[in-house]
Amino acid sequence: MRHFHFQDGQMMAENVSLHTIADEVGTPVYVYSAATLKRHYQVFEQAISDMDALIAFSVKANSNIAVLALLAKLGAGADVVSGGELTRALMAGMPAQKIVFSGVGKTMDEMRAALEADILQFNVESMPELYALDATARALNTTARIAFRINPDVSAGGHAKITTGKAENKFGINIDQAESAYAEAASLGNIEIVGIDMHIGSQIDTLAPFKAALTKGIELIKTLRASGHNIRSYDFGGGLGIPYNEDENTPPLPALYGQMIAEATIGLDLKMIFEPGRLIAGNAGILLSKTVYVKKGSVRNFIILDAAMNDLIRPALYDAHHHIEPVTLTENGAPTQTYDIVGPVCETGDTFAKHRDLPEISAGDLIVIHSAGAYGAVQAGQYNTRPLIPEVLVSGDKYEIIRERPSVEDILKTEHIPDWV
Ligand code: LLP
């Protein structure tokens, strides 16, 4: 359910007009709905309520500390992939005992910080990482709780740039090497095995790949237990897709996903961990932008926005589809035009969408790019010296800037010209 809706012909975020936000905060700006974040969290929580489960929100999807604090209040933990994300999650009030640390390249500094915080578990992705973690834990005179991230060699569909569960991907321990990896881990003095972990990809829109991975995971858990390993938890990662386009096939409902997993794991006495990111945050946010110019070319019409690929890179990087519409509703039957919707950055790739039919747009019109709450602001950069854009959180009829827009001066403060230049 989305809380971006029209009222008197104007799009609102909950009870706040997007016009008001544009006027008071400026554009481009990310706008998140607290009610939608809450609702998505609770839908997922309900979907997995038959299991002993932890929801570790995948911080990479949206790492604003206000968003994390809101989710923490609802009971969420965090899946982090860097020391920076760990700091954010802790600062936002996520208990260390609900934090898992994933990623193929954890440094010893990051491991130390996570061990000092006493996080729930490390999802270990390689043998060299295991040895580094053992050594780091030994130096701190402590023990690291681990799950190996298992690469089940399952095709998850989705975009090639975000699929992770095939043997040729860089992620995890290949499933055929899992038994020897666990045997090795068991022999190390400062490692405690607690479970297994899997994350097969993102924006997955059918249950089949999850089912295939789940079956392999359960089989592995049984084998490992038979060899004497104390496997208590199964981290099943994230990856459940969301609708980006109302006309497209919609991904399976969380309830069906939850039911499938609950049925497959019944009686196994496992604590399940889930790492949803997009599902919680994706449709809880929009990118609000203003039309700078409308350019009528001889073969194309262009809406040139003040937002660009540096603000939301998904269309340029993954050919991602985002639903786009004006903030002001036009009457039914009003004439439409076909547009390419682009940003001002000097690259043809700076295109949000091609061949979209929209009502006549004029300079100054506000435009909404939907489904931008996950992998939007977090993947932004300052290409073309375009400062990072602000983030706003709406709740009911109030809103607050939860990340400020830096000035060009702020950006330049971090650079300097050596004397010898
Ligand atoms: N757990 C791990 C270990 C992950 O690597 C990811 C996402 C997740 C959980 C959360 O997956 P989700 O539930 O959000 O699908 N930037 C891309 C998506 C990259 C996903 C990376 N890993 C995009 O904009 O589509």
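I began with the shell around the ligand and sorted it by class: four residues are nonpolar, eight are polar and six are charged. The model I am reading is a predicted one.

Next I listed the neighbours. I found 18 residues surrounding the ligand. The closest are Ser-202, Glu-275, Arg-314, Tyr-318 and Tyr-375.

For Ser-202, an N or O atom of the side chain is 2.4 Å from an oxygen atom of the ligand. Lys-60 places a polar side-chain atom 3.1 Å from a ligand oxygen atom.

How much of the ligand does the protein bury? I noted 590 Å² exposed for the ligand taken alone, of which the protein buries 93%. I also checked the pockets: the largest pocket is the space that the ligand takes.

The domain assignment gives domain 1 as 4–31 + 282–412 and domain 2 as 103–274. Why do I place the ligand between them? Domain 1 and domain 2 both give residues to the shell around the ligand, so the ligand lies between the two.

Last, I looked at how the domains sit relative to each other. Taken over C-alpha atoms, the centres of domain 1 and domain 2 are separated by 36 Å. The domains also touch directly: I recorded 11 residues of domain 1 in contact with eight residues of domain 2.

Terms used:
Residues numbered from 1 in each chain as written. Predicted model: local features only at pLDDT ≥ 70, side-chain atom pairs only at ≥ 80, totals over all residues. Heavy atoms only, no water. Near = heavy atom within 4 Å. Polar contact = N/O pair within 3.5 Å; in protein donor to acceptor, adjacent residues only side chain to side chain. Areas by Shrake-Rupley, 256 points an atom, 1.4 Å probe, with all protein chains shown as cover. 1 Å grid on protein atoms, 1.4 Å probe; cavity = no way out; pocket = protein on both sides within 12 Å on 5 of 7 lines; lining within 4 Å. Sits in = over half its atoms within 2 Å of the grid points. Nonpolar A, V, L, I, M, F, W, Y, C, P; charged D, E, K, R; others polar. Domains from an automatic or database assignment. Contact = heavy atoms within 4.5 Å.
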